[in-house]
Amino acid sequence: MRLTILLFLIFLQTNSIVSQTSLDEIDLDNGKFKVGFQHYTSYDSTRTYSRVFDYTNEKIERPILVSIWYPTEQNVDDAEPLTVLDYLEILKEEEEWEHLPNDQILKWFYYQNTPANQKHLTEITTAYANMEFAKGKLPTVIYRPSFQASSIENFALCEYLASHGFVVISSPSRGTETRWFSSNSAREIETQARDTEFLIKEAGKFSFVDHEKIALMGFSFGGLSNIIVQNRNDNIKAIVSLDGTERYQYESLEQSPFFDAEKIDVPYAHMAQKEIPETVLKEDKIDSELNTVFQLYDSIVNSKVHRLRFHNLTHSYFSTLGVLFADRDKRQDKSDSEIMESYKWAAMYTLNFLEATLNKDKKALGFIENSPENNGIGKKLITQKIKQPQKQVFTFQDFNQLALNQNYENLVQLHDSILAMHPSLEIPEGNLNVLGLQLVFNPETSLQGINVFLLATKLYPNSSNLYDSLAEGYLFMGDKAKAIENFEKSLKLNPQSQNALHRLQQLKK
């Protein structure tokens with residue numbers, strides 16, 4: 001089933017008609033910034049790679065071809081904007097056909113060499129090469145492409161986000177050893193995850209990147225690796241999935257030792273294709289559950305999930321190249337105008353979700369919380385579900401993190417404020433005792449340990465052991481009077497306490 005689904009999602013080559021679209025007709029409402037674009041190659045020295053068409057045994061450092069869109073305030077009056085052909089020249093490079101003549105591009109890569117597609121090549125985009133970066137710290141989106149796809153597959157969406165103040169960084173979806181994926185799906189997901197983490201580090205080189213505002217965005221196969229990356233990277237603040245394959249291949253996620261649905265604790269937005277018609281399911285031998293089952297959605301309990309279904313989009317049209325170039329499937333695809341309109345809405349939901357989650361923009365939050373009807377969208381275009389996170393249990397680790405953040409001061413007040421919000425709060429005596437001893441016997445944190453024991457003895461006033469530990473802490477710090485006072489309290493609560501008896505005999509000599 002998995003292979004059938006994958007082939008269906010990526011290659012809709014039969015029963016097709018040629019598309020008639022344009023960037024202008026998509027009509028994205030760009031923001032106040034002009035858009036800069038850079039493309040360059042970096043290298044991951046921890047992994048090796050082979051160029052598949054060189055037919056040699058040479059191993060090189062893994063090349064990471066980086067495409068980056070960003071806001072610029074530079075005057076572009078004398079600059080030439082990029083064309084679609086400029087982007088497809090990057091596709092040539094990433095496919096390792098750098099010297100392929102441009103007039104062969106459409107014959108060589110995926111799309112029909114029709115007059116309509118030839119016309120697309122000359123279309124003007126909104127990006128300008130090698131502009132200066134806008135000033136200030138900017139929220140950043142790491143984009144992961146679909147199965148073996150180019151970093152530029154969604155260039156219109158990336159330009160749109162950059163015009164509204166976001167940095168978008170992408171690299172091609174490449175196999176572990178070569179340009180092509182192996183049959184080991186779990187291995188390739190991990191490779192894409194490592195590429196994403198490389199891009200996060202790459203973003204760290206730029207002074208304009210706000211490292212507190214990083215989101216992941218992925219189309220199709222890219223959605224799988226983004227889940228893994230979020231599971232093991234605390235600096236990810238949101239996830240956008242453009243019909244991500246995590247919906248269709250949950251079992252692939254489960255193969256990863258890093259996957260845990262309960263670790264998805266950031267806002268997650270999944271935008272899904274329309275229901276696949278019964279005719280297509282039968283003819284392409286696709287399991288009908290593809291339309292209904294979403295195990296990841298059901299498994300997420302610790303974050304808010306926005307689930308949108310776009311009734312005029314099939315899978316391919318969540319990318320710019322798909323909208324412009326992909327052949328239409330006459331069995332199920334909508335008209336070009338309907339596809340472009342829905343792609344625009346998908347871009348708008350993406351922007352507002354990122355504004356709401358990264359920038360805490362109230363207007364954007366209202367947009368994504370509203371029903372589509374209240375946003376001026378008919379039910380025939382989009383339906384939405386929002387699932388709230390389950391009420392989380394406040395753990396001792398959560399308490400300790402907050403205590404650490406305030407240097408273990410004012411712990412009684414901290415405890416009382418948390419208790420007001422979490423009436424079922426439990427802070428185990430044993431955990432407080434161990435934490436207090438860990439801190440108090442470290443000369444640099446001894447006073448913090450005393451503060452922990454003062455809270456502990458307030459919460460557990462009948463614990464002989466806690467007073468004994470508090471006394472040991474004072475003794476370690478050289479305060480004999482308080483040590484004696486608390487050993488005596490311990491002994492009063494437990495007259496059989498041998499440690500308190502022994503210590504008092506020593507101290508009172």
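Two strands pair if DSSP finds at least two bridges between them. Helices (H or I, at least four residues) and strands (E, at least two) are DSSP runs, numbered from the N terminus. The model is predicted: local features need pLDDT of at least 70, side-chain atom pairs count only at pLDDT 80 or more, and totals for chains, interfaces and linings use all residues. Residues are numbered from 1 along each chain as its sequence is written, and side-chain values use heavy atoms, with hydrogens and water left out.

**View 1. Strands β11 and β13 pair in antiparallel fashion.** Six bridges join β11 (residues 305-310) to β13. Arg-307 has Lys-385, in β13, as its bridge partner.

**View 2. An open sheet holds 11 strands with mixed pairing.** The strand order is β4-β5-β2-β3-β7-β6-β8-β9-β10-β11-β13. The edges are β4 (81-83) and β13 (382-387). Each has a single partner strand, so one side of each lacks a neighbour in the sheet. On average, neighbouring strands are turned by 25° against each other, direction ignored.

View 3. Axes are lines fitted to C-alpha atoms, for helices over the stretch in contact; angles run from 0 to 180 degrees between N-to-C directions. Contact means heavy atoms within 4.5 Å.

**View 4. Phe-37 and Tyr-87 form an edge-to-face aromatic pair.** Rings of Phe, Tyr and Trp (its six-membered ring) pair if their centres lie within 6.5 Å; planes under 30 degrees apart count as stacked, over 60 as edge-to-face and the rest as tilted. The structure holds 24 such pairs. In this one, the centres are 5.4 Å apart, with 80° between the planes. Phe-37 belongs to strand β2 (residues 34-49) and Tyr-87 to helix α3 (residues 84-94), 50 residues apart. Buried means under 20% relative accessible area, exposed over 50%, partly exposed in between (1.4 Å probe, protein chains only). Phe-37 is buried at 4% relative accessibility, and Tyr-87 is buried at 1%. Ring pairs link Phe-37, Trp-69, Tyr-87 and Phe-155 into a cluster.

**View 5. Arginines sit over aromatic rings.** A charge sits over a ring if NZ of Lys or CZ of Arg is within 6 Å of the ring centre and within 35 degrees of the ring normal. Arg-179 lies over the face of Trp-180, 5.3 Å from the ring centre. Arg-328 has its charged end over the ring of Tyr-317, 4.6 Å from the centre.

**View 6. Helices α16 and α18 pack at about 50°.** Their axes are 9 Å apart. Helix α16 covers residues 411-421 and helix α18 residues 446-459. The two are oblique (angles under 35 degrees count as roughly parallel, over 145 as roughly antiparallel, 65 to 115 as roughly perpendicular and the rest as oblique). Leu-411, Val-412 and His-415 of α16 meet Asn-451, Val-452, Leu-455, Lys-458 and Leu-459 of α18.

**View 7. Asn-359 occupies the loop between α13 and α14 (362-369).** Asn-359 is partly exposed, at 27% relative accessibility. Asn-359 and Pro-139 are 220 residues apart in sequence, yet 7.7 Å apart in space, C-alpha to C-alpha. Not counting residues up to four places away in sequence, Asn-359 touches Pro-139, Phe-166, Lys-213 and Leu-354.
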